Amino acid sequence: MALIGLMACTSCMKEKDRHPLCGDNDQIEMKIVEYGTQAPIEGAEVHLGVTDDQGNNHTVLETYITDATGIISWPCDWTVETICAEKPDQYYGYCGQGYWLQEGQVSDGVYELFPHAWVKVIAIDEEPLHPEQFLRISQLVGGSSSDFVTLSAGQSFVFEAYGNLQDIMYYTIRTSAYPDSIIEFLAHDILSPGFDTTSYQLHY
């Protein structure tokens, strides 16, 4: 997650008319919680910022650290165009801007962060054996169609994953004679509990 221009500069924050949902309060609150459990995240960094006239070049103007309740707050008369939350040693960071920061979105004030998790995949060649075949498995986190791992029978690999999430892992069966040709395209449901490594056997 790229954060540009980290600094404390409350005087740089644009002022606006009073937030319509502030009521009698002078502050807008936001709570950072763990996806799946809704547990508050203490010690997360929350970066408030603005963008340029084209909606690009996120500039951080103020950074807060969540308390034990996972809550931060800022003055109602600030215009906040971007919010990034992160706790890199335990959670995947998240940024929102534009539509996600309209009046109703900011005011409900809950940001969910996915905890780190891992998935250990083991390739199992079933009877009758096909030693010439192998699996090509897509990366689970931050991957693209060109990011994959190749496993032959008995081999294993540990992927990073989003914790507390029910997801689908895609993989193909291929043959060493024609490695770019797909014999079969398959999918496997996975559940990756946060802060843990879960083992899955892929049979082919």
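**Entry 1: Gln139**

I began with Gln139 and looked up its contacts (contact means heavy atoms within 4.5 Å): leaving aside neighbours within four places in sequence, Gln139 touches Asp147, Phe148, Val149, Phe157 and Phe159. A note to myself on the source: this is a predicted model, where local features need pLDDT of at least 70 and side-chain atom pairs count only at pLDDT 80 or more, while totals for chains, interfaces and linings use all residues. Residues are numbered from 1 along each chain as its sequence is written, and side-chain values use heavy atoms, with hydrogens and water left out.

Where does Gln139 lie? I found Gln139 in the loop between E9 and E10. Here E marks a strand; helices (H or I, at least four residues) and strands (E, at least two) are DSSP runs, numbered from the N terminus. Gln139 is partly exposed, with a relative accessible area of 31%. My cut-offs are these: buried is under 20% relative accessible area, exposed is over 50%, and partly exposed is in between (1.4 Å probe, protein chains only). I also checked Ala161, which is 22 residues from Gln139 in sequence and 8.8 Å away in space, C-alpha to C-alpha.

**Entry 2: Asp125**

Next I turned to the loop between E8 and E9, where Asp125 is found. Is Asp125 buried or exposed? Asp125 counts as buried, at 14% relative accessibility. Beyond its neighbours within four places in sequence, Asp125 is in contact with His130, Pro131, Ala153 and Tyr204. Asp125 and Ala153 are 28 residues apart along the chain, yet their C-alpha atoms are separated by 5.3 Å.

**Entry 3: the whole chain**

I then stepped back and read off 1 helix and 14 strands. Of the 204 residues in the protein chain, 37% are buried. Among contacts between residues at least 6 apart in sequence, 66% join residues at least 24 apart.

**Entry 4: the disulfide**

How many disulfides are there? I counted 1 disulfide, taking a disulfide as a pair of cysteine sulfur atoms within 2.5 Å. It joins Cys84 to Cys95, with 2.0 Å from S to S. The link of Cys84 and Cys95 is right-handed, with 110 degrees about the S-S bond. Cys84 lies in strand E5 (residues 82-86) and Cys95 in strand E6 (residues 94-97), so the pair ties together parts that are 11 residues apart in sequence. Cys84 is buried at 1% relative accessible area, whereas Cys95 is partly exposed at 34%.

**Entry 5: the cores**

I looked for nonpolar cores, meaning sets of buried Ala, Val, Leu, Ile, Met, Phe, Trp, Tyr and Cys residues joined through side-chain atoms within 4.5 Å. The background is that in soluble globular proteins, nonpolar side chains tend to be buried together. The largest nonpolar core has 18 residues, and those with the most contacts inside it include Val119, Leu135 and Met169. Among the elements that give this core two or more residues are strand E8 (116-124), strand E12 (165-175) and strand E14 (197-203). Apart from this core lies another, of 17 residues, among them Ile32, Val80, Tyr91 and Tyr111.

Leaving aside neighbours within four places in sequence, the residues in contact with Met169 include Val121, Ile137, Leu140 and Leu202.

**Entry 6: Phe185**

My last stop was Phe185, which lies in strand E13. Phe185 counts as exposed, at 56% relative accessibility.
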